[in-house]
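Let's take a walk through this structure together, starting with its aromatic rings and then moving on to a loop and some pockets. Keep the 3D view open as you read.

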Amino acid sequence: MKKRKLQPAVWLRQNKLSCLVLLAALVLFAAVYWVVQPEEDDSPAPAEYVEYDTGTILEILTDNTTQNPVDDGGWRGEQLMLVEVTSGQYKGETLQVYNYVGPLYGGPLEVGDSAVLTISTYQDDTHTATVFEYNRIVPLTIVVVLFLIAAVAVGGKTGAKSLVGLFFTLAVLFFLLIPGLKKGFSTLPTIFLCCTYIAVVTLTILGGIQKKTICAMLGAVSGTLLAMVFGLVAQWLCKIDGLRMTDVEPLLQLRQAGSSIGIRGLLVGGIMISTLGAVLDVTMGLASSLCEVSNANPNLSRKELFRSGMNIGRDMVGTMTNTLILAFLGSSFTLILYFSTLNLSFHQFISSSFFSIELISAVAGSIGVILSIPLTALISACAFKRTEK
């Protein structure tokens, strides 16, 4: 039997509340975006400045790059090339450009390659250029397109909705959260509110406004809050905070130059952002499962439904905890490998700020995921069973 298409008017009537929530979310996004926009810089343009534009390699004039076995086959040396600038104010010009190659930066280029150029303009209107990096816009676009195709091909309509939620999450992080933190907004409250906002909107996109998604929202927000609380307690006990993170030095330099970014809260803030995805996954899966269990057996009591939720949740704990801890360890694997070569003593390694930060991040995130399970099970049991039998 052929499935009838839902008329737009009927769909809008059935999803009126979800549409109102999403509309309110868009209005809120626009309002906050307007607030966090940086003020216009009215200072005069500098006499000397640097631009980054693209160029195409026309000819390799000299090339002394070689592979060094000490660098695990990494390239070293330099190339002198003729490059045609393909963007910016110098578009169409042909310049002699050096490409400096090392194992930590750059790589040898070939004729026809596209590169990003560092073009320096001086007071006398002369300009020079060097290669900044290989132009990765096209290959990165291919990678992203393949990801989008795979998500829609396997997930269908749900996969497409998840991509919309992903784009919304990235928009919140890059257009609201980061500009807000740069403006001096309090770090932890701002990150928590953004996580709450993301949870509500993405779950509304995925499941609409119904009992199971509301239960998942409440469970996700509660789990994120608990991850924040546990992270704060752990960093207080260990006497460590965001100021001791390995990559915080550039932000400290910005603080000394007058920036108002709150650095101390970035450790726990990062934990909340990292935990949010796993918490959303767990709470939505658990709330959906309990909704199906309740529909399949309406005679279950509230206590029995809660017990079913805990049984389902226990199966999620092991894999989700491993996923989160491995994600934290994987992101720092290079540094872990380096520390292992130093032959540090047990006390030296355990008391290092690096180990403490990684452990706090992994454990606090896992605590948020684990505790979101009983909270979501309790909320769902109360929502699906209004009265106790």
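In this predicted model, the rings of Phe, Tyr and Trp count as a pair if their centres lie within 6.5 Å. By this rule there are eight aromatic pairs. One of them joins Phe 29 and Phe 168, with 6.3 Å from centre to centre and 45 degrees between the planes, which makes it a tilted pair. Look at where the two partners sit: Phe 29 is in helix H2 (residues 16-36) and Phe 168 is in helix H3 (residues 137-182), so this pair links distant parts of the chain, 139 residues apart.

Phe 168 has another ring partner, Tyr 197. Their centres are 5.3 Å apart and their planes stand at 65 degrees, so this pair is edge-to-face; the cut-off for that label is over 60 degrees. Because Phe 168 lies in helix H3 and Tyr 197 in helix H4 (residues 187-207), the pair ties together parts that are 29 residues apart in sequence. Tyr 197 is buried as well, with a relative accessible area of 13%.

| Pair | Centre to centre | Angle between planes | Type |
|---|---|---|---|
| Phe 29 and Phe 168 | 6.3 Å | 45 degrees | tilted |
| Phe 168 and Tyr 197 | 5.3 Å | 65 degrees | edge-to-face |

Now for a loop. Asn 135 lies between strand E6 (127-134) and H3. What does the side chain of Asn 135 reach? It gets to the backbone nitrogen of Ile 137, at 3.3 Å. Setting aside neighbours within four places in sequence, Asn 135 is in contact with Thr 54, Ser 114, Ala 115 and Val 116.

The largest pocket holds about 480 Å³ of space. It is lined by 18 residues, and the closest to its centre are Met 245, Asp 247, Ile 357, Glu 358 and Ser 361. Helix H7 (266-296), helix H8 (302-331) and helix H11 (353-384) each supply at least two residues of this lining, and the largest share, five residues, comes from H7. By class, the lining has 10 nonpolar, six polar and two charged residues.

The second largest pocket has about 400 Å³ of space. Its lining has 17 residues, with Thr 169, Thr 202, Leu 276, Gly 277 and Leu 280 the closest to the centre. H3, H4 and H7 each give at least two residues to the lining, which divides into 10 nonpolar, five polar and two charged residues.

Let's zoom in on Thr 202, which lies in helix H4. Thr 202 is buried, with a relative accessible area of 7%. How far apart are Thr 202 and Thr 169 in sequence and in space? They are 33 residues apart in sequence and 7.7 Å apart in space, C-alpha to C-alpha. Leaving out neighbours within four places in sequence, the contacts of Thr 202 are Gly 165, Phe 168, Thr 169 and Leu 280. The side chain of Thr 202 also reaches the backbone oxygen of Ile 198, at 2.6 Å.

How values were computed. Residues numbered from 1 in each chain as written. Predicted model: local features only at pLDDT ≥ 70, side-chain atom pairs only at ≥ 80, totals over all residues. Heavy atoms only, no water. Phe/Tyr/Trp six-rings, centres within 6.5 Å; stacked < 30°, edge-to-face > 60°. Helix = DSSP H or I, 4+ residues; strand = E, 2+ residues; numbered from the N terminus. Buried < 20%, exposed > 50% of the residue type's maximum accessible area, 1.4 Å probe, protein only. Polar contact = N/O pair within 3.5 Å; in protein donor to acceptor, adjacent residues only side chain to side chain. Contact = heavy atoms within 4.5 Å. 1 Å grid on protein atoms, 1.4 Å probe; cavity = no way out; pocket = protein on both sides within 12 Å on 5 of 7 lines; lining within 4 Å. Points joined across faces, edges and corners; volume = space filled by probe spheres on them. Nonpolar A, V, L, I, M, F, W, Y, C, P; charged D, E, K, R; others polar.
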